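Colleague: Please bring up the model, and we shall go through it together.

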Amino acid sequence: MLWTVVGAWTLISARRHRLRSIPVRGEITNVVRSRDPEEMGTLTFRFTTVDYRDIEVTSNTNAKRLPQRGDRVTVIYDPRKPQRASINTREQRGLSMGWHVTALGFFLLVLGVLVALNVL
């Protein structure tokens, strides 16, 4: 059940972030790939807020295809906390992980109920 709650919380947090966020154009300024495919890489990107502040953010990513330095991207950011910005991709928005964790939690919950009822 814990995994279901964690997954649902991740999805809810990602949705709140998207609802408060403003999309703007940004640019990738640095990409660090991990040598180990199991570890995360980092992306650094820059964007200008709607009130003309220049912001640069570094974030972890486990995306399979990383953008290149100089690539233009769509960035979403919370105007109250512009440092909480992310690139507008499924992985960066937290949706992919949120659904995977929720599905795992639901599977384990159903399995636990079936075991408790002596069905398995």
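Modeller: One definition before we start: two strands pair if DSSP finds at least two bridges between them. Strands (E, at least two residues) and helices (H or I, at least four) are DSSP runs numbered from the N terminus. This is a predicted model, in which local features need pLDDT of at least 70 and side-chain atom pairs count only at pLDDT 80 or more, while totals for chains, interfaces and linings use all residues. Residues are numbered from 1 along each chain as its sequence is written, and side-chain values use heavy atoms, with hydrogens and water left out.

Colleague: Which residues of β3 are on the covered face?

Modeller: In β3, residues 54-61, the covered face has I55, V57, S59 and T61. The uncovered face has D54, E56, T58 and N60. In a regular strand the side chains alternate between the two faces of the sheet.

Colleague: Stepping back, what is the order of elements in the chain?

Modeller: From the N terminus, the order is α-β-β-β-β-β-α, which comes to two helices and five strands.

Colleague: And where is confidence lowest?

Modeller: It is lowest in α1, with a mean pLDDT (the predictor's confidence in each residue, from 0 to 100) of 68. The highest value is that of β1, at 95. The chain as a whole has a mean of 80, and 73% of its residues reach 70 or more.

Colleague: Which strand forms a hairpin with β4?

Modeller: That is β5, with two residues between the strands. β4 and β5 (residues 81-87) pair in the antiparallel sense over three bridges, and V75 stands opposite I87 in β5.

Colleague: Are F47 and Y77 buried or exposed?

Modeller: Both are buried (under 20% relative accessible area, with exposed over 50% and partly exposed in between; 1.4 Å probe, protein chains only). Together with F45, they form one aromatic cluster. Over the chain, buried residues make up 34% of the 120 residues.

Colleague: Where is S21 found?

Modeller: S21 is in the loop between α1 (2-20) and β1 (22-32). Its relative accessible area is 12%, so S21 is buried. Leaving aside neighbours within four places in sequence, S21 is in contact (heavy atoms within 4.5 Å) with I76, Y77 and D78.

Colleague: What is the relative accessible area of N30?

Modeller: It is 27%, so N30 is partly exposed. N30 lies in strand β1, and a polar contact of 2.8 Å joins its side chain to that of R69. A polar contact is a pair of N or O atoms within 3.5 Å; within protein, one must be able to donate a hydrogen and the other to accept it, and residues adjacent in sequence count only if both atoms are side-chain atoms. Beyond four places in sequence, N30 is in contact with T42, L43, T44 and R69.

Colleague: And which residues does T29 touch?

Modeller: Not counting residues up to four places away in sequence, T29 touches T44, F45, R46, E56 and R69. T29 is also in strand β1, and its relative accessible area of 15% makes T29 buried.

Notes: Rings of Phe, Tyr and Trp (its six-membered ring) pair if their centres lie within 6.5 Å; planes under 30 degrees apart count as stacked, over 60 as edge-to-face and the rest as tilted.
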